[in-house]
Amino acid sequence: VADEGATVDEDAAAQVGVLGVAGVLEQLDCGLSLLNHGRRTAVARHRSLEAMLDWSFERLSDDEQAVFQRLAVFDGPFTLKAALAVISCAELEAGQLPGLLSRLANQSLVMVEQRVDGVRFHLLHTTRAYALEKLRRSGQWAVFSRRHALQEAWEVRRSRPQPSGQFLQERASLL
């Protein structure tokens with residue numbers, strides 16, 4: 001993906017003359033339709049951002065495609081632990097995820113950030129929009145969106161300090 005964006009970049013640059021930078025960014029918020037017309041003489045996968053992403057997606061294994069789609073539920077940076085909690089399942093075991101994430105990062109479909117508090121992953125905005133559309137079409141959006149919401153709620157609850165008496169009462173009710 002990274003080395004094949006010249007035509008897409010040129011198409012976006014052409015739109016800036018008409019819409020301005022803010023207008024192009026606003027249109028990108030609506031999905032990939034803004035950048036769907038490249039040069040007619042370009043190789044098919046270079047004609048649009050969507051065509052380039054289709055080409056990259058089709059080259060992924062079934063497991064890589066599943067992970068890529070499911071990661072779209074994260075609208076910001078996420079940890080490996082969060083990804084494991086949300087997207088692993090019977091067909092996609094937790095032990096496979098680090099290798100799959102690494103392969104998606106090598107394809108520039110997942111970005112990796114080294115932070116003081118550890119490694120974070122994220123999808124670029126347009127890449128996420130593409131993956132979200134794939135996830136919705138697969139019929140799995142509701143399942144993984146719900147799992148993501150539960151994971152987020154659990155993280156918030158774990159990070160919130162509780163009075164010791166309340167914590168003990170909640171633990172006792174679980175037993």
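What is the mean pLDDT of the chain, and what percentage of its residues reach 70 or more? In this predicted model, the mean is 77, and 63% of the residues reach 70 or more. Confidence is lowest in helix H1 (residues 6-29), where the mean is 54, and highest in H3, where it is 96. Over residues 1-8 pLDDT stays under 50, although the model has 21 contacts beyond four places in sequence for this stretch. Where pLDDT is low, the predicted coordinates should not be read in detail.

Helix H3 (residues 62-71) and helix H5 (residues 97-106) have axes that come within 10 Å and cross at roughly 80°, which makes H3 roughly perpendicular to H5. On the H3 side the contact is made by Asp63, Glu64, Val67, Phe68 and Leu71, and on the H5 side by Leu97, Leu100, Leu101, Arg103 and Leu104; by class, these comprise 7 nonpolar, no polar and 3 charged residues. H3 itself is mostly covered, with 8 of its 10 residues buried, among them Glu64, Val67, Phe68 and Leu71.

Side chains of opposite charge can pair when their charged atoms come close. The count of salt bridges comes to 4, and one of them joins glutamate 64 to arginine 103, with the closest N and O atoms 2.7 Å apart. This pair links distant parts of the chain, since glutamate 64 lies in helix H3 and arginine 103 in helix H5, 39 residues apart. Glutamate 64 counts as buried because its relative accessibility is 10%, whereas arginine 103, at 42%, is partly exposed.

A salt bridge also forms between glutamate 133 and arginine 137 (3.0 Å, N to O), both in helix H6 (residues 125-138) and 4 residues apart, about one turn of the helix.

Conventions:
Residues numbered from 1 in each chain as written. Heavy atoms only, no water. Axes fitted to C-alpha atoms, helices over the stretch in contact; angles between N-to-C directions. Helix = DSSP H or I, 4+ residues; strand = E, 2+ residues; numbered from the N terminus. Parallel < 35°, antiparallel > 145°, perpendicular 65-115°, else oblique. Contact = heavy atoms within 4.5 Å. Nonpolar A, V, L, I, M, F, W, Y, C, P; charged D, E, K, R; others polar. Buried < 20%, exposed > 50% of the residue type's maximum accessible area, 1.4 Å probe, protein only. pLDDT = per-residue confidence, 0-100. Salt bridge = Lys/Arg side-chain N within 4 Å of Asp/Glu carboxyl O.
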